[in-house]
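Student: I have a chain to look at and would like to go through its packing. Please take me through it step by step.

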Amino acid sequence: MHYTQEYWDDVSNVIGNIPNIEKLDGKTILITGATGMVCSSVIDVIAWMNHHRDAGINLMLAGRNKEKIASRFDDVLSQDEYQFIEYDATKNQRLNLRVNFIIHGAGSVCVFHRLMLIHMAAIIFICMEAIMV
C-alpha cells in the first residue's frame, strides 16, 4: 500500500491529540483483523510512533495469512518489526501470549473513508489510555 503525505500528516495530527499516548511506549499489543480497514489504520499509527518517536511498541499481528499481512504493511513495517500470530476468528483457538493490550478487530466492517479510520484509531487509543489510568 502506498501512502500520501497528507495521510501521514493526518496520522501525526491524530497522535498529537491523543492524551497520554506515551503510556503505550514499550507495551505489547496484539491486534486481530490486522489487514482490516480499522485495525490497519491503528497499525499505521503505531508504526509512525515507533519510527518517529521511538515508542518501542511491540506489535503482534494476528491473521490467517502471513503473506497478506506482509504485503499490506510492506511500506510501513519490516517483517522484523512485528510478530505474526496465526489466527482465525471463525475458529475456537487458544493463544498463549503475554500482551498488555488486545485490539480485537477481526470481522466485517462497512467501507469507510481512510481519514475516518484514522480518527477511529484515535478513539481506540483514547479508550486504551482510559484503561491505563
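Student: Which residues does Leu77 touch, not counting residues up to four places away in sequence?
Tutor: This is a predicted model, in which local features need pLDDT of at least 70, side-chain atom pairs count only at pLDDT 80 or more, and totals for chains, interfaces and linings use all residues. Residues are numbered from 1 along each chain as its sequence is written, and side-chain values use heavy atoms, with hydrogens and water left out. Contact means heavy atoms within 4.5 Å. On that basis Leu77 touches Ile43, Ala47, Leu59, Leu61 and Tyr82.

Student: How many residues has the largest nonpolar core, and which element gives the largest share?
Tutor: A nonpolar core is a set of buried Ala, Val, Leu, Ile, Met, Phe, Trp, Tyr and Cys residues joined through side-chain atoms within 4.5 Å; buried means under 20% relative accessible area, exposed over 50%, and partly exposed in between, with a 1.4 Å probe and protein chains only. The largest core has 32 residues, and Ile29, Ile31, Ile43, Leu59, Leu61 and Leu77 have the most contacts inside it. At least two residues each come from helix 1 (5-16), strand 1 (28-32), helix 2, strand 2 (58-63), helix 3 (66-72) and strand 4 (101-104). The largest share, eight residues, is supplied by helix 2.

Student: What span should helix 2 have, and what are its end C-alpha atoms apart?
Tutor: The expected span of a helix is 1.5 Å times one less than its number of residues. For the 17 residues of helix 2 that rule gives 24 Å, and the end C-alpha atoms agree, being 24 Å apart.

Student: Is His52 buried or exposed?
Tutor: His52 lies in helix 2 (residues 37-53). Its relative accessible area is 54%, so His52 is exposed.

Student: Is Asp88 buried or exposed?
Tutor: Asp88 sits in the loop between strand 3 (82-86) and strand 4. Not counting residues up to four places away in sequence, Asp88 touches Arg64 and Gln93. Its relative accessibility is 13%, so Asp88 counts as buried.

Student: What does the side chain of Thr32 reach, and at what distance?
Tutor: Thr32 is found in strand 1 and is buried, with a relative accessible area of 4%. Leaving aside neighbours within four places in sequence, the contacts of Thr32 include Cys39, Ala62, Tyr87 and Gly105. The side chain of Thr32 reaches the backbone nitrogen of Gly105 at 2.9 Å.

Student: Are the rings of Tyr7 and Trp8 stacked or edge-to-face?
Tutor: Rings of Phe, Tyr and Trp (its six-membered ring) pair if their centres lie within 6.5 Å; planes under 30 degrees apart count as stacked, over 60 as edge-to-face and the rest as tilted. The count by this rule is one aromatic pair. Both Tyr7 and Trp8 are buried. Their ring centres are 5.3 Å apart and their planes at 75°, so the pair is edge-to-face.

Student: What pattern does the chain follow along the sequence?
Tutor: The chain has four helices and four strands. Read along the sequence, they follow the pattern α-β-α-β-α-β-β-α.

Definitions and conventions
Polar contact = N/O pair within 3.5 Å; in protein donor to acceptor, adjacent residues only side chain to side chain.
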